[in-house]
Amino acid sequence: MAGTFVGPREFAARRRRLMQALGPGSAAVFVAGSDSRRNGDVDHPFRQDSTFFYLTGFEEPEAVAVLRPGAKQPFTLLVRPHDPVQAVWVGPRAGVEGACATYGADQAFPIEELDERLPEMLRGVKELHYSMGQTAPLAQRVERRLIEHVAARREGAQRGATPLETWRDPEPLVDGLRLLKSPAEVKALRKAIDVTGAGILAAMCGVRPGMHEYEVQAILEATYRSEGAVRDGFPAIVATGANSCTLHYTANRARIADGDLLLMDTGAEWELYSADVTRTVPANGRFTSAQRAVYDVVLAAQAAGIAKTRPGAGFHDVHNAALRVLIQGLVDLKVLRGDIDGLIEKEAYRPFFVHGTSHWLGLDVHDAGPYRTGGKSTRLEPGMVLTVEPGLYFAPETKGVPARLKGIGIRIEDDVLVTERGRENLSEGIPSDPDAIEAIIGG
Ligand SMILES: [Mn+2]
């Protein structure tokens with residue numbers, strides 16, 4: 001919780017902002033993440049649910065937060081209590097005391113008291129905000145308890161109990177807040193991106209034909225750890241040769257051949273904020289002429305997308321700008337024939353470019369926030385952070401690919417902050433210029 005950039009005051013400000021939006025007479029209930037079993041009695045490493053973390057800064061599983069705007073104690077945490085036996089095995093918990101002292105809860109209870117405490121806190125509340133349909137056992141217990149509470153109030157209505165007037169999903173509201181990054185959040189993202197840059201640079205310096213994809217992954221991860229990032233934001237994609245045409249390839253077990261391109265799509269996590277950067281490099285330090293021709297198209301498409309990124313532009317304008325350059329490139333590479341508008345309309349590019357150019361970036365690598373608002377492309381505003389990541393993929397089995405392009409998959413991805421005056425490419429310092437990449441790997 002004692003983050004370098006995002007501190008207790010910011011978490012409190014987020015809760016205040018949400019409670020202002022909810023208004024008096026309402027309550028919102030949020031459930032933390034749960035432990036999940038990997039195998040035998042071994043769990044996956046726990047990482048907090050992003051929305052729960054956004055509102056509380058609390059990083060332990062099995063907790064519930066209740067926000068009640070206007071109440072005497074507006075912020076309640078239910079947490080796993082401190083347990084001396086448990087502490088010996090897995091370390092201490094914040095407990096009920098820590099929930100108040102460290103995390104700023106106005107009151108806190110052991111999670112075991114959930115069934116009694118929830119209806120107590122919801123008495124008289126007219127608007128209830130809770131996301132239905134969550135699958136973790138604790139969330140299902142919360143949902144059941146809420147439904148029982150609402151049912152009891154309906155039954156009691158004749159005898160004068162206040163019935164609940166509204167049940168709403170708080171997610172769109174919180175997602176709207178998460179979409180606009182504060183200066184502290186931008187600092188955390190910047191740090192995550194800088195650490196990622198150090199890793200990618202180390203990987204470029206260390207890669208040699210004959211190594212395995214997972215060895216390059218190890219260079220990335222070792223650098224992130226030594227730079228102080230305790231986790232990756234998502235499993236690294238390290239894909240050699242035709243594996244680069246598999247968009248979310250994470251097996252990372254193949255051997256890197258001489259002449260292969262190596263695609264690295266990776267991001268360190270800093271205070272739970274994730275970077276997301278992709279670089280595609282020749283493993284032996286020299287692009288072939290075919291690889292370089294495709295690379296130049298993707299790089300130009302990315303530049304066009306980044307140039308479009310500014311306040312007032314639509315989220316999809318970035319994609320459309322990049323797409324036009326990709327399609328012109330596909331024509332120049334003799335993969336497609338025809339005029340650009342016709343090829344866009346027919347979606348003739350889809351065998352070679354199937355994904356979107358951008359997504360929001362933040363606590364989640366594909367971060368919260370709508371891409372369309374009121375049927376229209378979301379307008380970019382200062383403080384939004386998005387990736388710009390066009391690619392071209394010529395999978396060996398795709399029809400209509402000239403032989404010299406088969407097996408080439410290239411994506412170039414940067415993380416871009418929308419600013420008052422335009423944009424700042426936060427990952428600009430990580431080399432993507434093909435000559436610079438050749439100099440680094442060859443040098
Ligand atoms: Mn991405």
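Which residues are buried in α1? I began my notes with this question, keeping in mind that the model is predicted.

**Helix α1.** I looked through the helix and found that F11, L18, M19 and L22 are buried in α1. Looking down the axis of α1, I saw that its buried residues fall within an arc of 100°, so they line one face of the helix. I noted beside this that an α-helix has 3.6 residues a turn, so residues three or four places apart point the same way. On the other side of α1 I found R9, A13 and Q20, which are exposed.

I then checked the length of α1, which covers residues 8-22: at 1.5 Å a residue its 15 residues should span 21 Å, and because its end C-alpha atoms are 21 Å apart, the two agree.

**Partners of α1.** I next asked what the buried residues of α1 pack against. I listed the strands β1 (26-31), β4 (64-67) and β7 (127-129), together with the helices α2 (50-56) and α7 (171-179).

**The two domains.** I looked up the domain assignment of the chain, which gives domain 1 as 8-178 and domain 2 as 180-442. Their C-alpha centres lie 37 Å apart, and I recorded that 10 residues of domain 1 are in contact with 12 residues of domain 2. On the side of domain 1 that touches domain 2, α2 and α7 each supply at least two residues, and the largest share, 4 residues, comes from α7.

Methods. Residues are numbered from 1 along each chain as its sequence is written. This is a predicted model: local features need pLDDT of at least 70, side-chain atom pairs count only at pLDDT 80 or more; totals for chains, interfaces and linings use all residues. The expected span of a helix is 1.5 Å times one less than its number of residues. A residue is buried if 20 or more other C-beta atoms lie within 10 Å of its own, exposed if 12 or fewer, and partly exposed in between; C-beta atoms are placed from the backbone. The arc is that of the directions from the helix axis to the C-beta atoms. Two residues are in contact if their C-beta atoms, placed from the backbone, lie within 7 Å. Domain bounds come from an automatic or database domain assignment.
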